[in-house]
Amino acid sequence: MSVEQEQAERTIRCLVAKVGLDGHDRGAHVIARALRDAGFEVIYSGLHRAPEEVVQAAVQEDVDVVGISILSGAHNTLVPRILDGLREYDAFDDRLVLVGGIVPDDDKAELRERGVDEIFGPGASMDEMIAYIHEHAPER
């Protein structure tokens, strides 16, 4: 089998992470199920993860996509800590980083400048998210 065939057949691995004190995970479960149904391999972090735990899970599980679900309003504090941690482990450049949840429009540009690839807010469709991952997940 050629390298191109292997990459084409390789399943995209996604981490769905709930970071911080946010205790609402219904949406994260719905997203994890939709990603599984779309053929992705999904690892769910569970609730109340520290940014360092999310980084460790992303590195240890060798995921292609880090999806951070956050509804608590702490995105400007917690997401940069995850991005910095991925950089410290040299695990940033070959991963897609997505944020889902409540992120005010005023904060989106700064998160993107720091390295978030895309932000999906309330009302984003699963099809849109799945298509984005298919189109932008790194080939490794």
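Guide: Happy to. Helices here are DSSP runs of H or I with at least four residues, strands are E runs of at least two, and both are numbered from the N terminus. This is a predicted model, where local features need pLDDT of at least 70 and side-chain atom pairs count only at 80 or more, while totals for chains, interfaces and linings use all residues. Residues are numbered from 1 along each chain as its sequence is written, and side-chain values use heavy atoms, with hydrogens and water left out.

Now to your pair. Helix α2 covers residues 26–37 and helix α6 residues 126–136; their axes (lines fitted to C-alpha atoms over the stretch in contact) lie 10 Å apart. The angle between them, taken between N-to-C directions on a scale from 0 to 180 degrees, is about 55°. On the α2 side, V30, I31, A34 and L35 make the contact (heavy atoms within 4.5 Å), and they meet M126, M129, I130 and I133 of α6. By class, this contact has 8 nonpolar residues, with no polar and no charged ones.

Elsewhere, D105 belongs to helix α5, residues 105–114. From A38, D105 is 67 residues away in sequence and 29 Å away in space, C-alpha to C-alpha.

Methods. Ala, Val, Leu, Ile, Met, Phe, Trp, Tyr, Cys and Pro count as nonpolar, Asp, Glu, Lys and Arg as charged, and the others, Gly among them, as polar.
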